[in-house]
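Me: Could you take a close look at one spot in this model for me? After that, please walk me through the parts you would look at next.

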Amino acid sequence: MKRIVHIINDLGVGGAEVMISKPQITARRPALGGDFARLLYPIVLAEARATGSSASELEAWGWVPPPLVKEGLLVQPAWLHGYLLDPSSMRPAAVLRMPKYTLSSDEAGKLVDYFAATAGVEFPYSATVGDRTAALEAEEKKHRHRLDDAMRLVTDRKTYCAKCHLIGDFSPGGQIKTILAPNLDRVARRLRPEYVRRWLANPKVVLPYTGMPVNFPPTGHPLGQDLFKGSSVEQLEAVSDLLLNYDRYMSSRRSVLETVEGLKGPKPAAKAGVK
């Protein structure tokens, strides 16, 4: 497979910026791959500016093929195996779709194992997330309608996810293409649970050029108290549980649009001593 689209290296992405002076630089090593991304970047940035996008130059890297650094840490192997065999559109803002290669199932499996091995995670890997039914029920007893409140955060268009993300049949509406973000109804099938929590906690530490803000600040007053009354950690855990159990949550609901309409009304009264 030609290595000309994605940028691949053995370094982590994210973290605090470290200032390095010229005398401290002893050698330079070119990136492996990423040719298309580098060639496309100035073109997509210029086109976005022409359509009125206010995204920063750093965010524009999100419109070209993404890096595959530590890919094995991010995605579930079963999803990646299927995606390699039959790629589907994931990022609305991306200007290129991954081509469909003539891979056999065995070849795709070897690639999946490669990504896992280079990321230092166990393989072969069972894609089962583990049954958290008991834990979710315990959380619901402490915070009634917890996942409903988490859905209020997820579908909020002012501060939270629905400013940019598609969610099932729910669309932010009105945004130009470069602002639209991946559909959240696929999170549970696509991403590893530990990565979802890390991403929600501080997106820019994981991917510096992302336009996603820190919605659950570790210090200061928690946001969205009118939607979900609780600490930032409680909000983060609830949203993570909602996304990782999205299919189960939606199993008794016809659509996200109808769910959003239903959640617009007054919240059910909480019992004394219960949030």
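Reply: Happy to! His 145 sits in the loop between helix H5 (133–142) and helix H6 (146–154); helices here are DSSP runs of H or I with at least four residues, numbered from the N terminus. This is a predicted model, where local features need pLDDT of at least 70 and side-chain atom pairs count only at pLDDT 80 or more, while totals for chains, interfaces and linings use all residues. Residues are numbered from 1 along each chain as its sequence is written, and side-chain values use heavy atoms, with hydrogens and water left out.

What draws the eye to His 145 is its backbone: phi is positive, about 60 degrees, although the residue is not a glycine. Most residues other than glycine have a negative phi. The relative accessibility of His 145 is 22%, so the residue counts as partly exposed (buried is under 20%, exposed over 50%, partly exposed in between, with a 1.4 Å probe and protein chains only). Lys 70 also has a positive phi, near 55 degrees, and lies in the loop between helix H1 (35–50) and helix H2 (71–74). With a relative accessible area of 30%, Lys 70 is partly exposed.

Now to helix H3 (residues 77–85), where Pro 77, Trp 79, Leu 80, Tyr 83 and Leu 84 are buried. Down the axis of H3 these residues fall within an arc of 155 degrees, so they line one face of the helix (the arc is taken from the directions from the helix axis to the C-beta atoms). They pack against helix H4 (105–119) and helix H7 (187–190), contact meaning heavy atoms within 4.5 Å.

Looking at H3 and H4 as a pair, their axes are 9 Å apart and the packing angle is about 135 degrees (axes are lines fitted to C-alpha atoms over the stretch in contact, with angles from 0 to 180 degrees between N-to-C directions). H3 and H4 are therefore oblique to each other; under 35 degrees would be roughly parallel, over 145 roughly antiparallel and 65 to 115 roughly perpendicular, with the rest oblique. From H3, Pro 77, Leu 80, His 81, Leu 84 and Leu 85 meet Ser 105, Ala 108, Gly 109, Leu 111, Val 112 and Phe 115 of H4.

A further pair is helix H8 (residues 193–201) and helix H10 (residues 232–244), whose axes come within 10 Å and cross at roughly 135 degrees. H8 and H10 are therefore oblique to each other. Their contact includes Val 196 and Leu 200 of H8, along with Leu 236 and Val 239 of H10.

Conventions:
Helix = DSSP H or I, 4+ residues; strand = E, 2+ residues; numbered from the N terminus.
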